[in-house]
Amino acid sequence: MTTILLVRRGATTCMASDGQVTNGAANTVVKARARKVQRAGKGQVLVGFAGGGADALALFSRFEAKLDEYQGNFERAVVELAMDWRTDRALRRLEAQMIVTDGRKSFLAMGNGDLLEPDSDMPLAIGSGGNYALAAARALLEHTELDAERIALEAMRITADLCIYTNDEITVERLETGGDGA
């Protein structure tokens with residue numbers, strides 16, 4: 001149970017996450033400050049993951065290996081990971097989702113092997129609070145002039161007020177594309 005949110009405005013892309021880790025079977029918070037957004041590809045790619053902790057870390061490791069295998073070709077690495085996820089018996093059992101971005105393109109990779117690329121200006125969210133974060137980010141993008149980082153923070157704070165599996169220990173990572181973000 002977690003919330004990951006990706007927001008892009010102009011040349012800035014931010015990915016935010018809450019820090020709460022829960023033991024679902026016992027409905028207990030076991031950690032409040034986990035880092036669920038990581039950098040990969042020599043710091044040029046952001047990866048946010050939701051789902052089982054060990055499963056998410058296994059996927060992150062596989063994605064990093066794909067980035068190395070394809071010499072940092074972001075799009076190829078994520079497509080190959082999704083193909084492996086769909087066909088590899090061990091990977092198919094992983095219960096996790098990932099959002100990955102290089103600041104220009106973003107993808108949502110899901111446990112069934114699906115890979116989605118949203119429109120470049122659309123926010124993207126996963127996890128138990130994903131729909132709350134997505135709605136808040138869309139409203140803030142449309143009705144304010146806030147920058148991407150501020151939108152990500154505010155949307156995550158709103159989500160933390162609504163979703164019991166999302167806390168307000170928010171981590172934000174930022175990428176600058178040096179262009180218009182398209």
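I started with the lining of the largest pocket: 15 residues, with V21, K36, G51, G52 and G53 nearest the centre. I took a pocket as an open set of points on a 1 Å grid over the protein atoms alone, where a 1.4 Å probe fits, with protein on both sides within 12 Å along at least five of seven lines; lining residues have an atom within 4 Å of a point. β3 (21-23), β6 (45-51) and α1 (53-69) each give two or more residues to this lining. Helices (H or I, at least four residues) and strands (E, at least two) are DSSP runs, numbered from the N terminus.

The model is predicted: local features need pLDDT of at least 70, side-chain atom pairs count only at pLDDT 80 or more, and totals for chains, interfaces and linings use all residues. Residues are numbered from 1 along each chain as its sequence is written, and side-chain values use heavy atoms, with hydrogens and water left out.

I read about 260 Å³ for the largest pocket. A volume is the space filled by probe spheres set on the points, which are joined across faces, edges and corners.

Next I checked the second largest pocket, at about 170 Å³. Its lining includes K42, E64, D68 and F74. α1 gives the largest share, three residues.

Last, I looked up L162. It sits in helix α5 (residues 148-162). Is L162 buried or exposed? I noted it as exposed, because its relative accessible area is 51%, and exposed means over 50% (1.4 Å probe, protein chains only).

Definitions and conventions. Buried means under 20% relative accessible area, exposed over 50%, partly exposed in between (1.4 Å probe, protein chains only).
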